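My entries follow the display.

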Amino acid sequence: MKELSPLFIVIALILLLVIAILYLRIRRFNLAMDKIVTFANSFLSGDFKRLSLPEDINGRVSSALNAMASDITNRISETAEERGKIDAVLKCMTDGILITDTKARVILANPAIKTLLNIKTDIIGESVIVATRVTDIHNIVMKVIETEDVVSEEIDIPLPNELCLMATAVPLHSYEVKEGISGVVLSLHDITRLKRLETIRKDFIANVSHELKTPITAIRGFAETLLIGALEDRENAMKFLKTIKSHSERLNSLIDDLLTLSKIELEVTRIEKKTVDMNEVIDVVFTTLADKAASKGLYLRRSVIQEPAMISADRDKLIQILLNLVDNGIKFTETGGVTVVMGKRDDKLMLFVEDTGVGIPKNHIERLGERFYRVDRARSRELGGTGLGLAIVKHLVKAHGWNMSIESILGSGTTVKILIL
Ligand SMILES: Nc1ncnc2c1ncn2[C@@H]1O[C@H](COP(=O)(O)OP(=O)(O)OP(=O)(O)O)[C@@H](O)[C@H]1O
Ligand SMILES: [Mg+2]
């Protein structure tokens with residue numbers, strides 16, 4: 001065999017070396033690629049560990065990928081923080097918030113909307129009508145989907161919640177949906193209290209006007225009759241003048257009551273608590289109302305458990321409270337009478353005004369204390385009442401820091417309880 005030339009051997013050795021080096025480099029490169037793929041997969045599954053590639057293979061790739069990874073990690077944690085803030089805001093909001101897609105399916109609902117609409121189940125993915133069971137809400141959401149415009153309406157929620165809500169729905173635009181809307185955001189604001197106050201205000205104005213008009217019309221009528229000749233008829237003239245006087249007294253007491261109420265409401269009336277002898281206060285009240293009770297054959301009694309019966313109160317205001325309550329007791333009782341009781345329950349002082357009168361139907365009790373509220377309007381007016389007494393009592397009791405409740409059995413009598421705190 002012919003001998004191999006040394007040059008050939010050298011070339012062959014160099015070639016072998018090159019192949020070996022290339023093999024090793026490709027192997028290292030493949031290993032690096034495998035590492036990059038594993039890194040990408042673990043990144044996708046939420047494991048944000050760093051990538052480490054041998055410096056000599058591709059230091060630039062690993063540092064670029066690591067920079068990208070750290071940027072994405074930062075953005076993810078920023079997004080999570082923002083989401084956490086939005087979740088917290090949605091959770092503590094008293095307004096109900098509901099987000100739907102363009103098929104009116106719920107994609108987000110905060111706790112308040114569930115409370116407002118009495119929803120007990122999970123509603124994500126449900127259609128708005130199934131989720132809320134309120135046709136008006138469904139119609140509002142559909143209107144926004146059709147018109148892509150803001151819709152705002154007042155809606156009534158039936159029992160058991162029985163609320164009046166201001167519903168506002170706005171179109172939702174998103175980054176991915178370039179044309180049209182991607183859903184609807186609905187907010188529900190509870191305006192039940194506001195509506196109630198508005199009704200009370202309107203009722204108040206109507207009632208004041210009515211209560212003022214009645215005596216004024218009578219005074220004007222009798223004055224005119226006197227002017228056109230009745231003055232000559234002395235006997236009738238006296239009768240008319242007495243009627244004018246009693247109507248003007250009624251007007252006066254109505255205005256006094258209104259002023260008292262507004263002073264308490266504006267907190268102009270100051271409660272100055274001092275040690276007061278309950279027996280002395282009851283004496284004043286009973287003396288003032290003795291004739292009225294006697295004219296109906298009713299008794300006025302007291303039951304005071306402790307002697308001396310001292311409490312901390314504003315004497316004049318306490319007299320005003322008891323005068324109104326005992327007066328009501330006399331007015332709405334035909335047989336029996338009224339008892340003022342001072343007792344103790346659970347170490348707390350209680351003041352009761354009990355009567356054996358007509359009683360109050362249950363459904364009226366909650367509204368007593370609203371200005372001009374009377375169970376039987378005609379009967380109360382006949383008895384000379386305007387329905388301001390209990391409103392004054394309620395405010396004066398509250399101004400003392402006490403609590404008042406009314407218990408009544410129709411046909412048997414009423415007890416007004418004041419808990420002296
Ligand atoms: N002891 C009671 N028994 C039965 N009904 C009562 C009693 N106290 C109050 N009421 C009812 O509550 C209503 C409101 O009472 P309130 O004292 O505010 O008005 P009033 O007595 O009619 O008029 P005012 O006190 O202004 O002269 C009364 O009209 C009456 O219908
Ligand atoms: Mg009264």
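**Conventions.** I am working with a predicted model, in which local features need pLDDT of at least 70 and side-chain atom pairs count only at pLDDT 80 or more, while totals for chains, interfaces and linings use all residues. I number residues from 1 along each chain as its sequence is written, with chains lettered from A and ligands numbered from 1 in the order in which they are written.

**Sheet.** I took helices (H or I, at least four residues) and strands (E, at least two) as DSSP runs numbered from the N terminus, and I called two strands paired if DSSP finds at least two bridges between them. I found five strands in an open sheet, ordered E2-E1-E5-E4-E3, with antiparallel pairing. Strand E2 (106-109) and strand E3 (151-157) are at the edges with a single partner strand each, so one side of each has no neighbour in the sheet. Going through the pairs, I noted five bridges between the antiparallel strands E1 (residues 96-100) and E5 (residues 183-190), where Leu98 stands opposite Leu186. E4 and E5, also antiparallel, are joined by eight bridges, and Pro171 stands opposite Val184 in E5. E3 and E4 pair over seven bridges in the antiparallel sense, Val151 having Ala169 in E4 as its bridge partner. The hairpin of E3 and E4 has five residues between the strands, and Glu162 in the turn shows a positive phi of about 45°.

**Helix pair.** I next looked up how helix H8 (residues 278-295) packs with H9, and found an angle of about 30° with the axes 9 Å apart; axes are lines fitted to C-alpha atoms, for helices over the stretch in contact, and angles run from 0 to 180 degrees between N-to-C directions. That makes H8 roughly parallel to H9, a term for angles under 35 degrees. Counting residues as in contact if their C-beta atoms, placed from the backbone, lie within 7 Å, I saw residues including Val281, Val285 and Leu289 in H8 meet residues of H9, among them Leu318, Leu322 and Val326.

**Ligand shell.** Which residues come nearest to ligand 1? Of the 24 residues around ligand 1, they are Phe332, Val375, Gly385, Gly389 and Leu390; a residue is near if its C-beta atom, placed from the backbone, lies within 6 Å. Helix H9 (315-331) and helix H12 (389-399) each supply at least two residues of this shell, and H9 gives the most, with four.

Methods. Parallel < 35°, antiparallel > 145°, perpendicular 65-115°, else oblique. Contact = placed C-beta atoms within 7 Å.
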